[in-house]
Structure formats: structure tokens, C-alpha cells
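Please keep the structure open while reading.

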Amino acid sequence: MKLLPGGIVKPKTTVVNKTGAWRTFIPVFDEDKCKKCGICETFCPEDCISIDENEFRHPDYDFCKGCGICAEECPADAIEMKYEEKE
Amino acid sequence: MSLFAQGHTACAGCGMPIAVKLVLEGSGENSIVVSPTGCLEVTSTRYPQSAWGVPWIHSLFENAAAVASGIETALKVKGKKVNVLVIGGDGATVDIGVRALSGMFERGHNVTYICYDNEAYMNTGVQRSGSTPYGASATTSPAGKLSFGEDRPKKDIPAIAAAHGIPYVATASVGYPKDIVKKVKKAQEIVGPKYIQILTPCPTGWRFDGSKTIKLAKLAVETALFPVYEIENGEITKVKKIKERKPVEEYLKLQGRFKHLFKKNKDRIEVIQKMADSNAEKFGLDG
């Protein structure tokens, strides 16, 4: 690996780390219960919850570590943590 | 997407990256960040990657405030207006870097110093720091037959910062995200040294389930163990009032680091309650 002076690296390059592989429990979002408040997005430590054109939130499972903060904080109880079966 | 990218390697449920993304939301793109050694440094910049969307530099453990002072001075000479921030942990802030921090305050540099306070040296394995609260078990203040854990109170760095006569000192908690963004924005409008300490619960070091991070960040405030306030030019100008103050047990019982207190050190819980009562009185939190 070639080292640049000062150990300079490019911005936002951690996105190659698919930290979703750390996960044991997976958050499942229920759009019928969602009140579109965005609290899950605010508190997500991975900042991996995005918003769609209908204002529903979707976690990016490539990065979600399954911490469960979104499910714990959701005021509408619209997120459930489920054990994730892996191959 | 914020200015702090995904793929950082902080533990699941860590409070620190939540604080960092909110600080960057408040500070905006036109920022330069200095971070001393700590959890934030190792989890955001594992070579050859970086999670940062703004220019960022790693200092030594002890000199983040000095490096930021130099950056701020250089920008001043060049006639450039950029928000210079330090984002460092409590170990680097209240213990190892406190000399450089004091110097930065004394010289009056226009820098916003953010301390993410997880109350111990989490990166190296939960050694106690000056910010570790009374009664907490850490690997260098372990609870056991002869010890009830940390035997000294949490070091009051916001008061030490305010004693330097700097224009703005504030505390915040990741339980209240809008408050963090607001305080960072406010700090950037004030010229001179600014100090903001943000409580960021640590599931690994405090030993609790990572889903409870926000709950604990709120309970610390609701029990008055971590008062949230602003000090401007030495005067307390704003406090976050608590409607119904909760007993400290509600906060302590959720964390493994205080587990021993419920077994044979119940008198220590009373001491902690008195500390909360004294905070409530000092800052006028009840109401």
C-alpha cells in the first residue's frame, strides 16, 4: 500500500465497511404503524436510515449493526427487532 | 446523508456517532475538525479509510486544543472564515489534554471544543478517567471486597472552562438531539473559545443493552446527575428544567457498572442521590 504524506485519505471512504455483518437482530419497519416522525433516523448511530418519497423510513441493512435504538425509541411501536437467520 | 459516513466501526448502539453527526449538522460543511486519540479517532479513521465528510486531523492524545489553536491562527492569517472544532473524548479532554485546553481558553482562540463524555477511557478498555462518576466500576477502579468503585466525584470541567472567562460553555445529552444542533449553531456565532460537553452513553463500558442508549442519555438528565445548562460569560443563562425528577436508582440500575451498589453498597446510592439533589439546587433544575 502506498502511503501519502501525512497519511491523507479520501473523505467518507468507510462506506466500504459493510458493518451490517455485525448484526444479530434485524429491525423490521411496519409502514402501517409508522407516523413518519423521523425519530429513528435522528437517533440511528450509523446514520443509515433514509427517507422515501412517501416519507417512510428505510434502514440500509448493509450498515445497520442491529443496535435496536430505532425500535426502542419509535413512539408508534412500528419497528420490531427480529432474530436474523444467516446462512 | 450527514457529514459523518456509514461504515465507521463504533460499537452497536454507541452514543458517540449520534453526537458527532448532530455536531456536524450544527456546524455545517465549512468546518475543520481536530480529534485527539480516542474511540472517535479509531472508529472513524481506520487507515486507509475515513468516515469524515469535512477536513479532519488527528492530533496526539494531549494536544488537540493546541493543534486547533494553530489551525485557527493560520486561517486568521490567511483571512479565511472556517469553523474550527475539536471533537474529543473525556479522557483526552478532562485529563490528558486539559493543559492544552486551558491554554486555548487563555489565549482566546476562536475554536469550539466538543467533549463527547462517555465517562471513562473506553477505547483502551474502560479505565477510569476524571469524568468517571462516583461509584462506577471501571477496570482501574474495580468494585470488589475492598472497593465500591470510583471513589471521587466526576470532575466538573464545564465549571473549570467557565472559570477561564470564556464566552460560552454548555452541556448537552444525546437524548436531546435538537438541543445539540442548536447549541453548536449558537457556539459558531460567538467569537472566542467555546466549550460544549455532550453525554454519550457507552453500552460496552457502562454495561447495558445498546438499544437503551437514548433512554440512559435522558435518564442522566432526568435524575439531575448530568445537568444540562448554558453558561455565557460566567453566568448561568439557561438550564433544562426537569418536570418530575426521577430517583437516581432508575438510572443506576440499568447499568452493569453500578450493579455492585445494589448488593452491599446501598449507602453509596444515597451519596449519589445527594449529588443529584445538590445539582438540582445549584442549577435550579426542578420545575
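Is B:Tyr47 buried, partly exposed or exposed? With a relative accessible area of 34%, B:Tyr47 is partly exposed. Buried stands for under 20% relative accessible area, exposed for over 50%, and partly exposed for values in between, with a 1.4 Å probe and protein chains only.

## Basis of the model

The model is predicted: local features need pLDDT of at least 70, side-chain atom pairs count only at pLDDT 80 or more, and totals for chains, interfaces and linings use all residues. Residues are numbered from 1 along each chain as its sequence is written, chains are lettered from A and ligands numbered from 1 in the order in which they are written, and side-chain values use heavy atoms, with hydrogens and water left out.

## Surface patch

B:Tyr47 sits in the loop between helix H2 (39-44) and strand S2 (56-58) of chain B. Helices (H or I, at least four residues) and strands (E, at least two) are DSSP runs, numbered from the N terminus. Together with A:Met1 and A:Leu3, B:Tyr47 makes a nonpolar surface patch of about 390 Å².

Patches are made of residues with over 30% relative accessible area and no salt bridge; like charges are joined within 9 Å, and nonpolar side chains (Val, Leu, Ile, Met, Phe, Trp, Tyr) within 5 Å. Accessible areas come from the Shrake-Rupley method with a 1.4 Å probe, and for residues only the protein chains shown count as cover.

## Salt bridges

Side chains of opposite charge can pair when their charged atoms come close. A salt bridge is a side-chain nitrogen of Lys or Arg within 4 Å of a carboxyl oxygen of Asp or Glu. Over all chains, the whole structure has 18 salt bridges. One of them joins B:Lys76 to B:Glu72, at 3.8 Å from N to O. Both residues belong to helix H3 (residues 64-78) of chain B and are 4 residues apart, about one turn of the helix. B:Lys76 counts as exposed because its relative accessibility is 61%, whereas B:Glu72 counts as buried at 7%.

Another salt bridge pairs B:Asp117 with B:Lys154, at 2.5 Å from N to O. B:Asp117 is in strand S4 (residues 111-117) of chain B and B:Lys154 in the loop between S4 and helix H6 (157-163) of chain B, so the pair ties together parts that are 37 residues apart in sequence. B:Asp117 is buried, with a relative accessible area of 0%, while B:Lys154 is partly exposed at 23%. These two residues also belong to a network of salt bridges that links B:Asp117, B:Glu119, B:Lys154 and B:Arg257.

B:Lys186 forms a salt bridge with B:Glu230, with the closest N and O atoms 3.2 Å apart. This pair links distant parts of the chain, 44 residues apart: B:Lys186 is in helix H7 (residues 177-189) of chain B, and B:Glu230 in strand S7 (residues 229-232) of chain B. B:Lys186 is partly exposed, with a relative accessible area of 28%, and B:Glu230 is buried, with 5%.

Helix H7 of chain B also holds B:Gln188, which is buried at a relative accessible area of 18%. B:Gln188 and B:Asn83 are 105 residues apart in sequence, yet their C-alpha atoms are 6.8 Å apart in space.

## Largest pocket

The largest pocket holds about 520 Å³ of space. Of the 26 residues that line this pocket, the closest to its centre are B:Lys154, B:Leu225, B:Phe226, B:Pro227 and B:Asn279. Two or more lining residues come from each of H6, strand S6 (194-199), helix H10 (248-252) and helix H12 (266-283) of chain B. H12(B) gives the most, with 6 residues. The lining divides into 17 nonpolar, 4 polar and 5 charged residues. In these classes, Ala, Val, Leu, Ile, Met, Phe, Trp, Tyr, Cys and Pro count as nonpolar, Asp, Glu, Lys and Arg as charged, and the others, Gly among them, as polar.

On a 1 Å grid over the protein atoms alone, a cavity is a set of points where a 1.4 Å probe fits but cannot get out, and a pocket is an open set with protein on both sides within 12 Å along at least five of seven lines; lining residues have an atom within 4 Å of a point. Grid points are joined across faces, edges and corners, and a volume is the space filled by probe spheres set on the points.

## Cavities

There are 5 cavities of 30 Å³ or more. The largest cavity has a volume of about 130 Å³. Its lining has 16 residues, with A:Cys34, A:Cys40, A:Cys74, A:Ala78 and A:Ile79 nearest its centre.

The second largest cavity has a volume of about 100 Å³. It is lined by 15 residues, and B:Gly38, B:Cys39, B:Gly89, B:Ala120 and B:Tyr121 are the closest to its centre. Helix H4 (residues 90-96) of chain B gives the most to this lining, with 3 residues.
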